[in-house]
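Subject: Structure for your review

Dear colleague,

Please find below the structure that I am handing over to you. My findings are set out after it.

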Amino acid sequence: MKKFIVVAIAIMMVATLFAGGKKEPAVEAKKTITVGYAQVGAESDWRLANTESFKTTFTEANGYDLIFVDAQQKQENQIKAIRNFIQQDVDYIVVAPVVETGWETVLTEAKNAKIPVILSDRQMQVSDDSLYLCWVGGNFLKEGRDGVKWLESYLAEKGRADEQINIVDLQGTIGASAQIGRTQGIEEGVAANANWNLVAQQSGDFTQDGGQKVMEAILKSVGADNIDVVFAENDNMAWGAIDSIKAAGKVPGKDIIIITFDAVHESFNRMIAGEINCAVECNPLHGPRVDEIIKTLEAGGTVDKIMYVTEEVFDEKNAAARINTRAY
Ligand code: GYE
């Protein structure tokens with residue numbers, strides 16, 4: 001009898017196992033991650049490449065639901081967008097802040113809602129660093145200094161190291177990290193070179209139209225003959241400035257040295273054509289970088305607080321050889 005019971009139990013166990021084995025394996029439904037991206041706007045080619053990078057990375061196929069907001073270069077629109085993201089209870093908030101200051105209140109709201117905030121591209125200055133999780137982007141001060149180094153060696157090479165050099169600084173949106181860093185770079189350069197003079201310094205808001213109009217006014221007030229260098233804090237403003245320089249009867253790249261930032265494809269074309277002398281790279285392809293940050297966090301890992309992207313300097317000497325290797 002005892003033996004019978006043992007056999008019966010054994011049969012039952014095998015049957016249970018068998019039945020269990022026949023069950024469809026439980027497929028764990030992959031969670032879709034909702035990401036709200038408060039983008040600066042559509043002011044430049046760099047920005048369009050950045051938007052494209054996010055849209056092609058944060059796809060349904062890649063496990064994401066992307067809520068994309070173009071803030072039209074207005075901080076108030078970004079704050080509104082962030083509040084909307086909080087209301088929708090997104091999993092992550094990504095912000096490319098228009099300017100560095102004024103974020104405490106809205107970031108505290110995100111923190112209270114326990115939604116991690118990732119900064120991409122430009123930085124924020126906040127009293128409490130725990131208000132955002134991390135930042136990834138370009139080193140704008142280094143970019144500015146790289147532009148200055150390039151100018152120093154270019155002038156030396158042309159035998160102009162001791163000449164009086166008049167510089168126009170076309171600034172980006174005032175208060176934006178990219179403006180702050182690049183402006184500091186050229187101001188340091190002017191302070192370090194006794195023969196360099198900053199003859200005009202004005203914002204063109206990172207747009208082509210802004211660059212064209214501001215340069216047109218500066219050419220009138222300073223005089224085209226009194227300008228040796230245009231330090232344009234982004235590509236689109238440089239292209240606008242080039243139009244104004246041509247309209248004033250001067251040859252950009254020859255009569256006036258043009259230094260630009262971003263180094264998107266069109267600036268390579270213009271370096272090859274001789275209109276732009278130097279383009280300092282600023283890499284806009286942050287979509288995959290933010291994706292990697294989120295995947296790391298989802299897997300329980302940690303990331304660095306500040307992550308700089310490596311960038312290069314291009315000029316009329318290497319532009320032709322490098323243009324076909326460029327992704328934006
Ligand atoms: O240089 C400019 C854009 O923040 C690095 O913003 C970015 C800057 C970029 O409008 O073209």
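The notes that follow treat the sheets, the helices packed on them, the cysteines and a few individual residues.

Please bear in mind throughout that this is a predicted model.

An open sheet is built from six strands in the order 2-1-3-4-5-11, and its pairing is parallel. Its edge strands are strand 2 (64-70) and strand 11 (306-308), each of which pairs on one side only. From one strand to the next the twist averages 20°. Helix 3 packs on this sheet and touches strand 1 (33-39), strand 2 and strand 3 (92-95), with its direction at about 170° to that of strand 1.

Within the sheet, strand 4 (residues 117-120) and strand 5 (residues 134-137) run parallel and are joined by three bridges. Ile 118 has Cys 134 in strand 5 as its bridge partner.

**Helices 3 and 4**

Helix 3 (residues 75-87) also packs with helix 4 (residues 104-112), at an angle of about 10° and with the axes 10 Å apart. Helix 3 is therefore roughly parallel to helix 4, since angles under 35 degrees count as such. On the helix 3 side the contact involves Ile 79, Ile 82, Arg 83 and Ile 86, which meet Thr 105, Val 106, Glu 109 and Ala 110 in helix 4. By type, the residues of this contact comprise five nonpolar, one polar and two charged.

Six strands in the order 7-6-8-9-10-12 form an open sheet with mixed pairing. Strand 7 and strand 12 (313-315) stand at its edges; each has a single partner strand, so one side of each is left without a neighbour in the sheet. The twist here averages 15° from one strand to the next. Helix 5 (residues 140-157) packs on the sheet, where it touches strand 6 (165-171), strand 7, strand 8 (229-232), strand 9, strand 10 and strand 12, and its direction makes about 155° with that of strand 9. Helix 9 (residues 265-272) lies across strand 9, strand 10 and strand 12, and runs at about 40° to strand 12.

Strand 10 shows both senses of pairing. With strand 9 it pairs in the parallel sense over four bridges, whereas three bridges join it to strand 12 in an antiparallel arrangement. Ala 279 in strand 10 takes part on both sides: Thr 260 stands opposite Ala 279, and Phe 314 in strand 12 is the bridge partner of Ala 279. As for the side chains of strand 10 (residues 278-281), Cys 278 and Val 280 point one way and Ala 279 and Glu 281 the other way, and all are buried.

**Cysteines**

The structure holds zero disulfides. Cys 134 is in none, and the nearest cysteine sulfur, that of Cys 282, is 17 Å away. The sulfur of Cys 282 is in turn 14 Å from the closest cysteine sulfur, in Cys 278, and is therefore too far for a bond, given that a disulfide requires two cysteine sulfur atoms within 2.5 Å. Cys 134 is buried, with a relative accessible area of 0%, and Cys 282 is buried with a relative accessible area of 2%.

**Individual residues**

Which residues have a positive phi although they are not glycines? Asp 205 is one, with a phi of about 55°, and Asp 262 is another, with a phi of about 115°. Asp 205 is found in the loop between strand 7 (196-203) and helix 7 (208-222) and is partly exposed, at a relative accessible area of 33%. Asp 262, by contrast, belongs to strand 9 (residues 257-262) and is buried, with a relative accessible area of 3%.

The loop between strand 7 and helix 7 also holds Gly 204, which counts as buried at 2% relative accessibility. Beyond its sequence neighbours within four places, Gly 204 is in contact with Gln 171, Gly 210, Gly 211, Val 214 and Met 237. The C-alpha atoms of Gly 204 and Ala 232, which are 28 residues apart along the chain, are separated by 9.0 Å.

Lastly, Asn 236 is placed in helix 8 (residues 235-247) and counts as buried at 5% relative accessibility. Leaving aside neighbours within four places in sequence, Asn 236 is in contact with Ser 44, Asp 45, Phe 206, Thr 207 and Gln 208.

With kind regards

How values were computed:
Residues numbered from 1 in each chain as written. Predicted model: local features only at pLDDT ≥ 70, side-chain atom pairs only at ≥ 80, totals over all residues. Heavy atoms only, no water. Axes fitted to C-alpha atoms, helices over the stretch in contact; angles between N-to-C directions. Helix = DSSP H or I, 4+ residues; strand = E, 2+ residues; numbered from the N terminus. Parallel < 35°, antiparallel > 145°, perpendicular 65-115°, else oblique. Contact = heavy atoms within 4.5 Å. Nonpolar A, V, L, I, M, F, W, Y, C, P; charged D, E, K, R; others polar. Buried < 20%, exposed > 50% of the residue type's maximum accessible area, 1.4 Å probe, protein only. Pairing = 2+ DSSP bridges.
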